[in-house]
Amino acid sequence: MDKTPSCKSKKPSVGKRKNKEAADNVMQHTQLYFDIKLSQWPIVYSPQYNIGFLGMERLHPFDAGKWGRAFSFLKGDHHDSKKARMVTDVTTVCPLEATEQDLLTVHTQRYLNSLTGNGHETDFKNDPNVYILDVFNCRIYPHDETAKVAIKRRVELECFEDDRTYLHKVETHVEGALNEFSPDVIVYNAGTDILDGDPLGHLSISANGIINRDEIVFTKARSRNIPIVMVTSGGYQRQTASIIADSILNLWRKKLISCNDAET
């Protein structure tokens, strides 16, 4: 379930590796790292993100192929698309799939076996170098009191809250969190299951509300020169793909994301 959190890793965390040799050893035992070209947008997409089985996925109430359709919108080749031709297959990053051996270069087997739901909150609940801001519908999520302990700034929403209330809370608490904590990076869980009509989110946020939310978070990060990673996460309606694309295009047009070599 998406909760629209912003999770940040504090500056001292980069000093956890003992020395350069340890870092080099990690790099030598995984195939996941590769050079990114200057002409590639910082947009990561793989067709494997989409779930399909002989067309039967169309019968499912959730949109299992939203990432592919969002990517098509950004490329401008979707049959419904009126979007700008922002990206191509060669100007985005296609990731490699992590093997178990890749995961074991940075995690222990015991850790991987222990992963459960509410993963990032459970994983970081005792880590002072991670600050979790969580904006969520308290009537549906999370019913996990252990995981809740990890949330440094908890912003609880009621069912069917609208744009005005929601965006005010997001802006106020993102600003407040950044005043309390100085992160190296922001990991932004930008789900769309807050959209009005979503069968799981039970909120009443419009498409423009989602686009404005993403702009608020990116503006706060850029104003402080903090790197930000955005994951699109939950969202289960057919219009979700178009909203994701519209939000990315808005960030581009507002110069909150850019790739000069890909735009020329």
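Helix 9 buries Thr240, Ala241, Ser242, Ile243, Ile244, Ala245, Ser247, Ile248, Leu249, Asn250, Leu251 and Trp252. That makes twelve of its 14 residues, so the helix is mostly covered, buried being under 20% relative accessible area. The model is a predicted one. What lies over these buried residues? The cover includes helix 2, helix 8, strand 5 (228-231) and helix 10 (260-263).

Now look along the helix. From first C-alpha to last, helix 9 reaches 20 Å. This is close to the 20 Å expected at 1.5 Å a residue. Just past its end, Lys255 takes a positive phi of about 60°.

Next comes the core. The largest nonpolar core holds 47 residues. Inside it, Trp41, Met86, Tyr166 and Ile257 have the most contacts. Several elements each supply at least two of its residues: helix 2 (66-75), strand 2 (130-137), strand 3 (153-157), helix 7 (163-180), strand 4 (183-189), helix 8 (207-223) and helix 9 (240-253). Helix 9 gives the largest share, eight residues.

Leaving out residues up to four places away in sequence, Met86 touches Trp41, Ile43, Leu74, Ile248, Leu249, Trp252 and Ile257.

Phe34, Ile36 and Leu96 make a nonpolar patch of about 270 Å². Ile36 sits in the loop between helix 1 (20-28) and helix 2.

How values were computed. Residues are numbered from 1 along each chain as its sequence is written. This is a predicted model: local features need pLDDT of at least 70, side-chain atom pairs count only at pLDDT 80 or more; totals for chains, interfaces and linings use all residues. Side-chain values use heavy atoms; hydrogens and water are left out. A nonpolar core is a set of buried Ala, Val, Leu, Ile, Met, Phe, Trp, Tyr and Cys residues joined through side-chain atoms within 4.5 Å. Buried means under 20% relative accessible area, exposed over 50%, partly exposed in between (1.4 Å probe, protein chains only). Helices (H or I, at least four residues) and strands (E, at least two) are DSSP runs, numbered from the N terminus. Contact means heavy atoms within 4.5 Å. The expected span of a helix is 1.5 Å times one less than its number of residues. Patches are made of residues with over 30% relative accessible area and no salt bridge: like charges are joined within 9 Å, nonpolar side chains (Val, Leu, Ile, Met, Phe, Trp, Tyr) within 5 Å. Accessible areas come from the Shrake-Rupley method with a 1.4 Å probe; for residues, only the protein chains shown count as cover. A salt bridge is a side-chain nitrogen of Lys or Arg within 4 Å of a carboxyl oxygen of Asp or Glu.
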